[in-house]
Amino acid sequence: MTAAASRDVVVTGLGATTPLGGDVPSTWSAALAGESGARTMDNDWAEKYGIPVTFAATIKVKPEDVLPRPEIKRMDPSTQYAMIAAREAWQDAGAPEVDGERLGAVVSSGIGGIWTTLDGWDTLRERGARRVLPMTVPMLMPNSPVAYVSLEFGAQAGAHSLVSACASGAEAIGYGIDMIRAGRADVVVCGGTEATIHPMPIAAFAASRTLSLRNDDPAGASRPYDVDRDGFVIGEGAAVVVLESAEHAAARNARVYARLAGVGLSSDAYHITSPDPDGKGQVAAMRRALADADATGADVVHVNAHATSTKVGDLTETRSIRSLLGADADHVQLSATKSMTGHLLGGAGALETLFTVKAVHERLAPPTINVVNPDPELQVPLVRDTPSALPDGDVVAINNSFGFGGHNVALAVANA
Amino acid sequence: MAHTASEILEGLAEIVAEETGLPTDAVVAEKSFTDDLDIDSLSMMTIVTHAEDKFGVRIPDDEVKNLATVGDAVKYIEGAQA
């Protein structure tokens, strides 16, 4: 084995609970079928609080139907989703036997336990301090999902939660890759989660005019690259991957989905919410990911775009891809899976990395739905409506994830 | 209206079951919260909070450490109702 190969990082397990399904097989098949996870919400928030958005990409399978009652009581929904995804990923990886000191966990949330935080505040105001539950702090802390994941599997090499808004899930996976390369761990359970479909954050996102207001057509609301896109659709859920050093996976004969070959990170230092219109930071992240993977633009066959369905953000990203890849962008098949899942915020980067891994493994790029009239300024070939085959041979795909605050994460996925 | 000791035991068992996942019939008077039911201090405080709510009593922090068994808690709550 060469020196380079010895630090190769592979994906051996996948888990998710999303607006499309309660696990990876149902989520992936719904994505390939071009289904939407957005639906009208079953609540009175519009009448009660005047919230202008009445739909969201809510979780398909409620955690109450999956987890034992005590876990529901002592975990914020963001942790519940992470646990469901982590357990699936761990089983999918064949429940690897690994020394706890060689097992790491990196699970992020963009916003943290906001249901618990706000429920606790409601309880305090309505009923006083003695009614605030003692478990409130360990439930609301943003490292709660990774803490429970580390407890579940006995991960003692380190449990981390990197926070970078909507890039958090991808950044967590990037950090997991680094842990294995640095020799700190042989196996890392990593991913992202979010449970933010609560009236306060929805009101706040609506106030910033970033949400789609297409109340009469929830399934058609998330439409990246369509000329009539009017904002993102808030989603919820979690995705987790099991990363493993190639050596460790080979030694136990594990099934390998793909290699996580490159990590590219950058920060815009431009504006608190808007991406740098020149896309400098986005280009830098993708360039670094490709260099880290020892790949060039010629190898790139697929990009899972961050594409949230906002007017400005979607186009900035395709300009960045074109600017980096030049003519090589002509052979990129671009997918915007948020058209189906909505925007999982801190879970998005993990779910879209999972989709990118599946795409490389199955040689099938998932579709982008709701693109009726493609934006004429779209600069990269888009996979629309139905899945599209990816070429055989050695290929590289990129997942882009960007977050409020100017965080850019690009992960390069290569075939095993 | 005051609850009887058996009503308190039944209500407390529901709270403990909800918190721990144990069946309600495992929560009987002679069981120790820590040694038999494996309840840590945070869980105990959660149970106390719910019990105060359910039975309309106040269980001061200083008393909680004296409630070693389920029976101790039932007895305390019964007395505190007056």
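Which domains does the domain assignment of chain A give? I found domain 1 (7-251) and domain 2 (262-414), with bounds that come from an automatic or database domain assignment.

**Conventions.** I note that this is a predicted model, in which local features need pLDDT of at least 70, side-chain atom pairs count only at pLDDT 80 or more, and totals for chains, interfaces and linings use all residues. Residues are numbered from 1 along each chain as its sequence is written, while chains are lettered from A and ligands numbered from 1 in the order in which they are written.

**Confidence.** I looked up pLDDT, the predictor's confidence in each residue, from 0 to 100. Chain A averages 96, and 99% of its residues score at least 70. For residues 1-5 of chain A the pLDDT is below 50, and this stretch has 2 contacts in the model beyond near neighbours in sequence. I count two residues as in contact if their C-beta atoms, placed from the backbone, lie within 7 Å. Chain B averages a pLDDT of 94, with 100% of the residues at 70 or above. For the model I recorded an ipTM of 0.85 and a pTM of 0.96.

**Domains of chain A.** I took the centres over C-alpha atoms, and those of domain 1 and domain 2 of chain A are 20 Å apart. Their contact takes 60 residues from domain 1 of chain A and 56 residues from domain 2 of chain A. Among the elements that give two or more residues to the domain 1 side are β1 (9-17), α2 (24-32) and α9 (168-181) of chain A. Helices (H or I, at least four residues) and strands (E, at least two) are DSSP runs, numbered from the N terminus. The largest share of that side, 9 residues, comes from α9(A). By class, I noted 29 nonpolar, 22 polar and 9 charged residues on the domain 1 side. Here Ala, Val, Leu, Ile, Met, Phe, Trp, Tyr, Cys and Pro count as nonpolar, Asp, Glu, Lys and Arg as charged, and the others, Gly among them, as polar.

**Chain A against chain B.** I found 8 residues of chain A in contact with 9 residues of chain B. The chain A side divides into 5 nonpolar, no polar and 3 charged residues.

I consulted UniProt, where an unreviewed entry places "domain: Carrier" on residues 6-81 of chain B. Such annotations may be inferred rather than shown by experiment; positions are in the numbering used here and feature names are shortened. Over residues 6-81, chain B is 59% helix and 0% strand, and the end C-alpha atoms are 14 Å apart. For "modified residue: O-(pantetheine 4'-phosphoryl)serine", UniProt (unreviewed entry) lists Ser41(B). I located Ser41(B) in helix α2 (residues 41-55) of chain B.

Is Ser41(B) buried or exposed? Ser41(B) is exposed, because 12 other C-beta atoms lie within 10 Å. The cut-offs are 20 or more such atoms for buried, 12 or fewer for exposed, and partly exposed in between, with C-beta atoms placed from the backbone.

**Helix α8 of chain A.** I found α8 (residues 144-153) mostly covered, with 7 of its 10 residues buried. Tyr148(A) and Phe153(A) are among the buried residues. Their cover includes α5, β4 and α7 (136-140) of chain A. Just after α8(A), Gly154(A) takes a positive phi of about 70°.
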